Amino acid sequence: MILPLRILQFDRKTEVQPERRYHLIQKWTVLSALAPESSLNLKTNKYSPGVNWSQKEDIKDDDIALDRRALDGSAKIWSDPKLPQGDFYSGDVVDALAAANVSQYWNFKRCRLVD
């Protein structure tokens with residue numbers, strides 16, 4: 001669910017950057033779909049090596065691989081416990097954000113699906 005959000009200053013009346021749109025995104029779905037062995041530009045987390053991963057700064061489209069079998073198409077926005085700071089959005093959601101002229105506020109990268 002994507003909800004519009006107004007941010008107010010301490011006086012609770014003055015809006016912060018009213019010319020900019022803010023949104024709150026609720027993630028309720030957790031999927032284990034990351035395929036780290038097929039992904040590029042990931043590094044293992046030093047506190048849980050081989051279990052949790054993080055992205056390197058220069059990540060590009062198709063660097064992250066997802067297991068096709070873990071995705072049944074029902075999740076639109078989800079997180080993966082193996083990539084704690086990563087959020088995943090379906091193509092439908094990305095297209096809707098682009099149509100609403102707000103996709104530029106995210107740094108979306110396309111993921112590859114692997115078997």
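This is a predicted model: local features need pLDDT of at least 70, side-chain atom pairs count only at pLDDT 80 or more; totals for chains, interfaces and linings use all residues.
Trainee: Which residue in β8 stands opposite tryptophan 78?

Mentor: Strand β7 covers residues 77–80, and strand β8 covers residues 83–89. The two run antiparallel and are joined by 4 bridges, with a hairpin of 2 residues leading from β7 to β8. Opposite tryptophan 78 stands phenylalanine 88.

Trainee: Which residue of β7 is the bridge partner of threonine 29?

Mentor: Strand β3, made of residues 29–30, pairs with β7 in the parallel sense. That pairing rests on 2 bridges. For threonine 29, the bridge partner in β7 is tryptophan 78.

Trainee: Which residue points the same way from β7 as Trp78?

Mentor: In a regular strand, side chains alternate between the two faces of the sheet. In β7, Ile77 and Ser79 point one way, and all four residues named here, these two and the pair on the other side, are buried. Pointing the other way with Trp78 is Asp80.

Trainee: Is leucine 24 buried, partly exposed or exposed?

Mentor: Leucine 24 lies in strand β2, residues 22–25. Its relative accessibility is 38%. Buried would require under 20% and exposed over 50%, so leucine 24 counts as partly exposed.

Trainee: What is the area of the nonpolar surface patch that includes Leu24?

Mentor: A residue needs over 30% relative accessible area to belong to a patch, and leucine 24 has 38%. Leu5 and Ile7 make the patch together with Leu24. The area of this nonpolar surface patch is about 210 Å².

Methods: Residues are numbered from 1 along each chain as its sequence is written. Side-chain values use heavy atoms; hydrogens and water are left out. Patches are made of residues with over 30% relative accessible area and no salt bridge: like charges are joined within 9 Å, nonpolar side chains (Val, Leu, Ile, Met, Phe, Trp, Tyr) within 5 Å. Accessible areas come from the Shrake-Rupley method with a 1.4 Å probe; for residues, only the protein chains shown count as cover. A salt bridge is a side-chain nitrogen of Lys or Arg within 4 Å of a carboxyl oxygen of Asp or Glu. Buried means under 20% relative accessible area, exposed over 50%, partly exposed in between (1.4 Å probe, protein chains only). Two strands pair if DSSP finds at least two bridges between them.
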